[in-house]
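Trainee: Could we go through this one together? I'd like to see how the labels follow from the numbers.

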Amino acid sequence: MSVLFRKQMVSLALVAPLLLFLIVFFAFPLFTMMKSAVSDPVATQALPASTNALSDWDRSSSPTSEMSAAFVEDLRQINDDQLFGDLVRRLNSAKAGFRTLITKTRTAVKATAGPIDLTAVDKRWADNSYWQVIAIATSSTITDRNLLAAVDLERNSSGAIDTIPAGASANRTILIRTFTMALAVTAACILIGFPFAMIAASVEGWRRQLLLGAVLLPLWTSLLVRTAAWFILLQDTGLINSTLMFLGLTTEPVSLIFNRVGVVIAMTHVLLPFMVLPIFSVLVGIPKTLMPAAASLGAHPVRAFLAVLLPLALRGVISGSLLVFMSALGYYITPALIGGAKDQMISSVIAYYATGAANWGMAGALGLVLLVATLLLYVVYLRLSAERELKP
Amino acid sequence: MDNSFIRFDDVSKSFGALKVVEELNLDIGKGEFVSLLGPSGSGKTTILMMLAGFENPTSGAIWSDRKRIDKLPPHKRNMGVVFQNYALFPHMTVSENIAFPLKMRGTSRADTSERVKRALDMVQLGALAERRPSQLSGGQQQRVALARALIFEPEVVLMDEPLGALDKQLREQMQLDIRDLHKRLGLTVVFVTHDQTEALTMSDRIAVFNHGKIEQIGSPSEIYDHPSTRFVAEFIGETNLVAGSVHSIDGHEAVIRLENNEVIKVVAKDRLRSGSKVVFSIRPERIGLGAGPGNTLETRISDVVYYGDHLRLLLSGGGQSFVVKTDRNRLPPSVGDSLTVSFLPSDCWAVDA
Ligand SMILES: Nc1ncnc2c1ncn2[C@@H]1O[C@H](COP(=O)(O)OP(=O)(O)OP(=O)(O)O)[C@@H](O)[C@H]1O
Ligand SMILES: [Mg+2]
């Protein structure tokens, strides 16, 4: 018993560094990011009295005097400008016009000490919709606003989920574009990688080393360098275009950069190893006698390939596709450098929210959508592969 | 040869500088069971693969049913092949594996399922039709491979050490099954093995290979009783090789002087010349204990080995050692005893050294 316990402690000690690393640098940031996507504590923190007063309001009758009194009280208490700024941004993002309204009201409230008639300060305070926004903002410290906005949805005034007006946001378009481009890259990787892996698996010795080296070499250079190299190659005056023009295949340079074609070319090159290696490892594991056996049983080489080799290699193709597709979903540098404005993928939107707009909630929400989509795909893959193995 | 069905005509095969098969001439009759027997690396698999179409001969021609086939791709040769490791398709069930050749030939669905069912019954695997190869024992996989190679009714079946991986009991069962199928279906079988017992029990003819050449070809009894070379005598069964020189020849009998100057009599053969050196093969079971007709030798027992059904004695006499098989019911001899043994002149067979 104690021996077993000691053994367990030793193995725990051995994995401890990894565990700690994963918790600190993976699980914890992931959790924080996901939390920031759904947390909404600003209004509750800034307006404690109003939070109480608004909690029993039915949101359809006209605002009561207790509500205004609590709100005025709260405004007077806010001394932290940072908190006030967050509050303004939070309310204004839900309803335009809040910025001027609340700044104006705060100035008026601070000017006097006693009770104050808000409708006299600004007649918009008689409008229920402003109070509704405050009520929603203070009702909970958790929100689905960011998650809904990530897929171009919002809650309307009655609280039902609705699509946002066309033109207000393009997240859905960009998400669809991200998936389409990842799909295109995956397809290109299969088309190039499968025959390549077949050849690499069928030769031996130095030829195999050479072929595998050719795919692996890109992995040893940095992604940025490879992308920069493509940037140079794909230009109108780059090597590819000058070769095409030299050969007389085209008179005008073909537009390869700042468009979808260039991005797909560069990403396919970068991600190809992740397709070739799984397929290769499955192919070399297939017994060498199966194809001769199929031939001896009367199968034409093409049919033997379709009936024997392809189904057996499919597992490698699926794992390769999954790897390529998932990595492609999160690509940032390559589309940013080689793509045009219309080729930006979801990661550049996330980067915009995270570093440009300081809207961690939206960045987290978009990241979460991506994560969920990827996990769903993975579950589907696991289901499929489990079925294949269990099938009697 | 007129009744030749498969013919190797001066076939050679080299891999680079390595000559694996040298000027092979071999005729196989329709319905014949021919075993290719030889040590590892003697070129047996290569010969089979050339027949099946997976290797091209470096020179020479291969004929089947009077048609030249050495340029024909494998899928057009219509020969059933059973590979050494069975080569079953792991992603197909047993019945899908067996149906594969029919599917490739566009056989109708109804016909296919009918024939698969019959094939499964033939190899007694009806209950396992929906299993995958990985869920079968070695012997079951072997039978699936056999059923798959036979279902499209090929006239020729090639088998490369199909029983190599099986334990002794299953192996003997399968040997009987294959022999039975061969007779029942009138198949022409080319069977590669390096197990001499297997070759002896199953074949109509055995071709013994060494270094890519046929050392001897003939019926099992010819090969066993009258080996033409020392290699064949030693490779097939156990034997005692006795060296000496011809002392005199007298009609049907020759007198041989052994290395310790004892003399024995043997049946004279054409190639025996007075004074020449010769080697004889004497099978252990042909040597009797005690004095008897023919030759007698005085020997001493140097070892006794118990084999269950018989005893094997290691003797020294006549200037060399002998192995003798004996009935275990005789009183147990012990090491160091002297023993008289005898054998007939007709059981001494001169071989090429
Ligand atoms: N593709 C190849 N390239 C080079 N040499 C080969 C090739 N295939 C076989 N050989 C050589 O040819 C010789 C004969 O091989 P083969 O497989 O025919 O022997 P075998 O009689 O079947 O032996 P075993 O009983 O071990 O199966 C061996 O020396 C082997 O190394
Ligand atoms: Mg072999």
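Trainee: Which residues does B:Leu51 touch, leaving out those up to four places away in sequence?

Mentor: This is a predicted model, by the way. In it, B:Leu51 touches B:Ile6, B:Phe8, B:Ile62, B:Ile69, B:Arg77, B:Met79, B:Leu158 and B:Val190. B:Leu51 is also one of the residues that touch the most other members of the largest nonpolar core, which has 128 residues. Helix α14 of chain A gives the most to this core, with twelve residues. A second, separate core has 28 residues, including A:Met67 and A:Leu118.

Trainee: Why is B:Arg115 called buried?

Mentor: Buried needs under 20% relative accessible area. B:Arg115 has 17% relative accessibility, so B:Arg115 counts as buried. B:Arg115 is found in helix α3 of chain B, and touches B:Leu102, B:Thr107, B:Ile151, B:Phe152 and B:Glu153, not counting residues up to four places away in sequence.

Trainee: What makes α10(A) and α11(A) roughly antiparallel?

Mentor: Their axes cross at roughly 150°, and angles over 145 degrees count as roughly antiparallel. The two helices are therefore roughly antiparallel to each other. Their axes also come within 8 Å, and the crossing is left-handed.

Trainee: Which residues make the contact between α10(A) and α11(A)?

Mentor: From α10(A) you have A:Phe196, A:Ile199, A:Ala200 and A:Ala201, and from α11(A) A:Arg208, A:Leu211, A:Leu212 and A:Val215. By class, the contact has seven nonpolar, no polar and one charged residues.

Notes:
Residues numbered from 1 in each chain as written. Chains lettered and ligands numbered in written order. Predicted model: local features only at pLDDT ≥ 70, side-chain atom pairs only at ≥ 80, totals over all residues. Heavy atoms only, no water. Core = buried A, V, L, I, M, F, W, Y, C linked by side-chain atoms within 4.5 Å. Buried < 20%, exposed > 50% of the residue type's maximum accessible area, 1.4 Å probe, protein only. Helix = DSSP H or I, 4+ residues; strand = E, 2+ residues; numbered from the N terminus. Contact = heavy atoms within 4.5 Å. Axes fitted to C-alpha atoms, helices over the stretch in contact; angles between N-to-C directions. Parallel < 35°, antiparallel > 145°, perpendicular 65-115°, else oblique. Left-handed = near helix turned anticlockwise from the far one by under 90°. Nonpolar A, V, L, I, M, F, W, Y, C, P; charged D, E, K, R; others polar.
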